[in-house]
Amino acid sequence: MSVQDSLNALWEKYRLIQQEGLLLNIERGQPGDENFKLSSPLFTCVDETDVKTEEGFDIRNYPGGVKGILEMRRLAAEILDVKPEETIVGNNSSLKMLSEVLSFALLKGLNGSPAPWCKLDSPKLIVTVPGYDRHFTLASALGFKLLTVPMTGTGPDVELVARFAESDETVKGIILVPTYANPTGETISVEAAQRLVSLKALAKDFTIFADEAYVVHHLGDTIPERLNLLRASEKAGYPNRVYLFSSTSKITFAGAGLGFLASSLANIEYLAQLYSTQYICPNKVEQYRHAKFLKAYPGGIAGLMREHAKILKPKFDAALRVLERELAPAGLATWTRPLGGYFISLNTTKPVAKRVVELAKEAGVSVTPAGATFPFGEDPANSNIRIAPTRPPLAELEKAMEVLCLCIKLASAEWDAQQKA
Ligand code: PLP
């Protein structure tokens, strides 16, 4: 079949799909309703007869401090593999806590900083690509210049990170997702993590902002080997280098749970001082019921995450099956096969990502905008597409993936025809 004939055949298929009037969405990295149902006891697990924390604080009143209630700090510590006293449990968002720490760094400096970062002409942060769009928008909104390093399949290119950090004292840190990264799903290898925590940055207060949004979000029993960043940086002689962030957003309710962070004891004390100028205590009612619910769940947090995986794994499998069936034979794209997290990252072979997303939209399927995984929406190869298979029911997901694959075939055929013309 000529290039033009196959393009015509694909258009015909596409127009038939358009007539179906679909309204499908693989754009949002959100839990599905079945996932939310697992946490329904949160609505009822606390009542007026049960208002005292383990340490005797009344959850309805101010006292208790800014670090969060002990029972929830213990759970945050379990999730992040640190000690309870190395945590601060906040309110509903880890991204907010990351923004707070970055803002403190700019305005006051972090614990051990020679000066507030805003005193520099152009403080720089390293971000990974493809990566999480909200990291890019947050850091650039705060005035950081972004330096990008590619993901390699085993985490960020740490040699490039080292080159940046070891040659420029205005490079103040890196934001990365160590476990099951958004969108590539990869986990930083032990070797790469070791290199990262021990690099000899010119900035004395070079900081690793590790967003562990998916640290317990395994899809199966194969869990990649990981380095404990806090312990490793301590050993490497940089005890204050690492801040870990996470939340219950994809454990219980998204945006209606708890964000938390962990760092060295000295950093926690420093942050707690700053936090206590901003608020008297976090929402202890939310913390208390989360702690009660999570502790009572059969198997605890690991048990709950296994139930999530039972719902999510078939969705990832279905999405991967459609990709394999539709795209592998002609080699039109490559994609990740994550062991955990919330996303599949796909790269089209031809520079057609923008066109694919546009075609999908016109056929009733919303996909994350092409370029969103790069700062300022600019993917130099115009090839990366983030697929979020978690939210739609299975049948809708399969249909959406079929449409997406058809759009990749169509956009690739268009590209071929343009090259021939
Ligand atoms: N970090 C990453 C890597 C994410 O993918 C997300 C949500 O998609 C968040 C943070 C948001 O977390 P939170 O709801 O705790 O602010």
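How do the residues of the lining of the second largest pocket divide into nonpolar, polar and charged? I will come to that in a moment, but let me first say what we are looking at. This is a predicted model, in which local features need pLDDT of at least 70 and side-chain atom pairs count only at pLDDT 80 or more, while totals for chains, interfaces and linings use all residues. Residues are numbered from 1 along each chain as its sequence is written, and side-chain values use heavy atoms, with hydrogens and water left out.

Now to the pockets. Rolling a probe the size of a water molecule over the atoms shows where empty space is left. Here the search runs on a 1 Å grid over the protein atoms alone, and a pocket is an open set of points where a 1.4 Å probe fits, with protein on both sides within 12 Å along at least five of seven lines; lining residues have an atom within 4 Å of a point. Grid points are joined across faces, edges and corners, and a volume is the space filled by probe spheres set on the points.

The second largest pocket holds about 320 Å³ of space, and among its 16 lining residues Val 216, His 218, Ala 302, Met 305 and Arg 306 lie nearest the centre. As for my opening question, that lining has nine nonpolar, two polar and five charged residues, where Ala, Val, Leu, Ile, Met, Phe, Trp, Tyr, Cys and Pro count as nonpolar, Asp, Glu, Lys and Arg as charged, and the others, Gly among them, as polar. Helix α11 gives the most to this lining, with six residues; helices (H or I, at least four residues) are DSSP runs, numbered from the N terminus.

The largest pocket has a volume of about 710 Å³. Its lining counts 27 residues, and those nearest the centre are Gly 29, Tyr 132, Arg 134, Tyr 214 and Lys 250. By class, this lining has nine nonpolar, eleven polar and seven charged residues, and its largest share, three residues, comes from α5. At least three residues of the lining come from each of domain 1 (3-30 + 302-420) and domain 2 (53-300), with bounds taken from an automatic or database domain assignment.

Why is the pair of Tyr 275 and Tyr 279 tilted? The ring centres of Tyr 275 and Tyr 279 are 5.6 Å apart and the planes stand at 50°, so the pair is tilted. For Phe 293 and Tyr 297 the centres are 5.7 Å apart and the planes at 80°, so that pair is edge-to-face. Phe 293 is buried, with a relative accessible area of 5%, and buried means under 20%, with exposed over 50% and partly exposed in between (1.4 Å probe, protein chains only). Tyr 297 is buried too, at 15%. Finally, ring pairs link Trp 117, Phe 144, Phe 209 and Tyr 243 into a cluster.

Conventions
Rings of Phe, Tyr and Trp (its six-membered ring) pair if their centres lie within 6.5 Å; planes under 30 degrees apart count as stacked, over 60 as edge-to-face and the rest as tilted. Helices (H or I, at least four residues) and strands (E, at least two) are DSSP runs, numbered from the N terminus.
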